[in-house]
Amino acid sequence: MELVSLVRLEGVAKHVTLPDDSRLDILRDIELAIAAGDHVAIVGRSGSGKSTLLNLMGMLDRPSEGAVWFRGEPVRKMRKGRLDRLRGRNVGFVFQQFNLLAGRTALENVAMPLGYASGRAFWNRRRTATAMLERVGLGHRIESTPEQLSGGEQQRVAIARALVRRPALILADEPTGALDVETGGSVMQLLDEIASEADAALVTITHDLHVAARARRHYRLEAGVLTPFELSAPAAGAAAAAAYERIELAPELAESVAAGPVDAAAPVDGASEDAASTSSREDAADQGEIQAEGETVEVAR
């Protein structure tokens, strides 16, 4: 009996038409299958199409070509109402900028997704949200607003909100990008633990090789093309991945992302401080934003 992937992309491409009628290719012929309990990292520089790929996996967007399947069903055949319900029940999003509601308490932010639930899940939403905040170590901060929380605490609230409905698929878009190295490591460890407990698939979109090292499978996204690669560490497991200073990178990966952002506080073995500084300037110059046909997409010029 053939096993059914949780989410599968077959020949997926995404492109937009620019004002001068030329076509901009964002993603090209993506093939990817993710199973329950899987942990996948997708690495690429800014503008490589990482967020667009995440939106397709999370069923927030539809491909220009190819097909996205969720639990063996083609997403393109689903009506909008059913698709919204499917996404709400099964997909949890963790964003770099947290996207918490200002002026609302941590409890209110985490309970928000359960406001669209029905039956017992709706009536018990505050109790469920409180339990999830306790799970991420913020049981003592449930009445605090985002303005009263540190960056790491805000990210934990965002994680609790994403996981409060126990999704089958967790999509984390640069989840540590706004955090320091130590706090980022704690956040990734928390995501790993909760995903493992629920047997959920975790997909991390990142430019940080230290974050990527925690995953079991690694992909590189470059110029819209997704390819697998090997990322080696001195020992297996999350503990080894958290030892940033000892991580050894696959040579081909180090070369491909040399122009991407690098955390100067945690230099990669063999990379000089000057190289990190230069690559940050080059990445800032390459990152652009194009608005076409009512939608905004990141592109590398």
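Buried residues (under 20% relative accessible area, with exposed over 50% and partly exposed in between, 1.4 Å probe, protein chains only) make up 48% of the 301 residues in the protein chain. This is a predicted model: local features need pLDDT of at least 70, side-chain atom pairs count only at pLDDT 80 or more, and totals for chains, interfaces and linings use all residues. Residues are numbered from 1 along each chain as its sequence is written, and side-chain values use heavy atoms, leaving out hydrogens and water.

User: Why does L101 count as partly exposed?

Analyst: Its relative accessibility is 33%. Buried is under 20% and exposed is over 50%. L101 is therefore partly exposed.

User: Where is L101 found?

Analyst: In the loop between β6 (91-95) and α3 (106-111). Helices (H or I, at least four residues) and strands (E, at least two) are DSSP runs, numbered from the N terminus.

User: What makes K50 and E174 a salt bridge?

Analyst: A salt bridge needs a side-chain nitrogen of Lys or Arg within 4 Å of a carboxyl oxygen of Asp or Glu. The closest N and O atoms of K50 and E174 are 3.9 Å apart. The pair links distant parts of the chain: K50 lies in helix α1 (residues 50-57), E174 in the loop between β7 and α7 (181-198), 124 residues apart. K50 and E174 are buried.

User: Why is R214 called buried?

Analyst: R214 has a relative accessible area of 9%, so it is buried.

User: Which residue forms a salt bridge with R214?

Analyst: D192, with the closest N and O atoms 3.6 Å apart. D192 is in helix α7, and R214 is in the loop between α8 (209-212) and β9 (217-222). D192 counts as buried because its relative accessibility is 12%.

User: What puts the buried residues of α2 on the same side?

Analyst: The buried residues of helix α2 (residues 80-90) are L83, L86, R87 and N90. They cover an arc of only 95° around the axis, which means they sit on the same side of α2. The arc is that of the directions from the helix axis to the C-beta atoms. What covers them includes β4 (65-70), β6 and β7 (169-173).

Conventions: Contact = heavy atoms within 4.5 Å.
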